[in-house]
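Student: Could you take me through one part of this structure at close range? I would like a connected account.

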Amino acid sequence: RKQLLGEDHLDVAHSLQALSEIRLEQGAHEKALEHVAQAMSIRRTKLGPEHVDVATCLHQAGKIYLALDRQDDTLQSFSEALSIRRKKFGNDHADVAAVLKDLALVHWNRDMFEEALREMEEAVDIYKRTKNKNQLEVANTLNSLAALCWNQSEYDRAEEVTLESLELRKQILGPHHADVAETLINLANVLESKGSAAQALLRCKEALDIFVGLSGADTVQVAQLHAQMGVLHRAMLHDDLAQSHLSRSVEIFEKIFGADHPETLDARDILSTSTTPAATTVFDTLTLPALERSSLDIGWAGHIGGEESLVKGQVKTERETEERETEERETEERETEE
């Protein structure tokens with residue numbers, strides 16, 4: 001494209017943007033940053049600094065800065081992208097909500113909880129108001145909001161929001177989807193925090209049945225759920241059931257990883273502990289989301305769930321929407337120029 005159209009053509013910028021997203025997923029962060037900077041330079045020159053395609057580049061740059069642990073640059077890029085999108089789209093647009101959600105997660109990671117809650121709540125409200133709203137994105141953002149509430153010990157609010165997310169995911173994905181199982185686990189987190197161990201166990205059992213049905217009985221998720229159920233049974237003084245679940249957890253981990261793997265050793269430690277460990281010891285490993293799935297969920301007990309969940313989890317779904325919208329705009333602008 002550079003040879004045919006010239007290095008400063010909008011189609012070249014489009015290709016550079018796409019290449020940046022690919023490099024980010026591959027972990028080639030410096031290359032990703034170089035490509036998006038080139039795309040942004042072309043778009044600023046051709047379209048002006050306040051164009052929405054410049055905001056797309058800024059949003060992408062923020063994700064790369066996050067991967068590079070350049071927190072100040074991350075916030076600046078996200079904030080600039082948000083400002084442009086608000087000016088161009090108003091406050092009721094999905095692209096505005098997408099940046100707000102990312103800002104909230106970064107603020108949470110920096111222990112700025114009030115800002116994070118305000119931004120995540122606004123993102124939820126926008127997604128709900130958006131014409132032709134993406135119900136799955138509503139569910140995913142509700143799940144992130146619930147995680148924030150849970151982190152701040154707002155357990156009643158966390159339960160309410162998690163149940164709303166759970167119902168939406170069941171409607172959209174079906175009752176036996178892995179994301180439904182993860183939401184059930186998150187709900188178990190809330191119920192355990194509220195002192196409802198018996199209810200938490202029921203939700204864990206539902207999640208266990210889903211994971212076994214999807215992938216079989218000898219997976220990491222199943223092992224982690226057995227460990228959590230063992231901990232909950234132990235808290236309820238159900239010693240035989242606790243022993244059974246914890247032993248099964250050790251057996252699965254050993255089969256997958258071997259006897260000397262840290263996961264196996266941790267499971268053995270829980271099994272051999274005579275007192276009940278804190279539930280979050282197991283929840284830390286239980287609710288981290290799959291990084292390649294469609295949402296940017298947070299591993300609840302793992303705080304933000306790792307920076308990769310922000311960098312990678314949302315790239316695929318955002319890319320499709322942003323590429324389509326960018327291509328439509330650039331086509332219109334080329335036709336106008338001609």
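Tutor: Happy to! Leucine 237 is found in the loop between helix 12 (220-235) and helix 13, where helices are DSSP runs (H or I) of at least four residues, numbered from the N terminus. This is a predicted model, in which local features need pLDDT of at least 70, side-chain atom pairs count only at pLDDT 80 or more, and totals for chains, interfaces and linings use all residues. Residues are numbered from 1 along each chain as its sequence is written, and side-chain values use heavy atoms, with hydrogens and water left out.

Although leucine 237 is not a glycine, its phi is positive, about 65 degrees. Leucine 237 counts as exposed, at 68% relative accessibility; exposed means over 50% relative accessible area, buried under 20%, and partly exposed in between (1.4 Å probe, protein chains only).

Now to helix 13 (residues 239-257), where phenylalanine 253 and phenylalanine 257 sit four residues apart, so about one helical turn separates them. They form a stacked aromatic pair, 6.1 Å centre to centre with 20 degrees between the planes (ring centres of Phe, Tyr or the six-membered ring of Trp within 6.5 Å; stacked under 30 degrees, edge-to-face over 60, the rest tilted). Phenylalanine 253 is buried at 4%, whereas phenylalanine 257 is partly exposed at 33%.

Threonine 264, in helix 14 (residues 262-272), is buried with a relative accessible area of 0%. Beyond its neighbours within four places in sequence, threonine 264 has contacts that include Phe253 and Phe257, contact meaning heavy atoms within 4.5 Å. The C-alpha atoms of threonine 264 and glutamate 254 are 5.7 Å apart.

How values were computed:
Helices (H or I, at least four residues) and strands (E, at least two) are DSSP runs, numbered from the N terminus.
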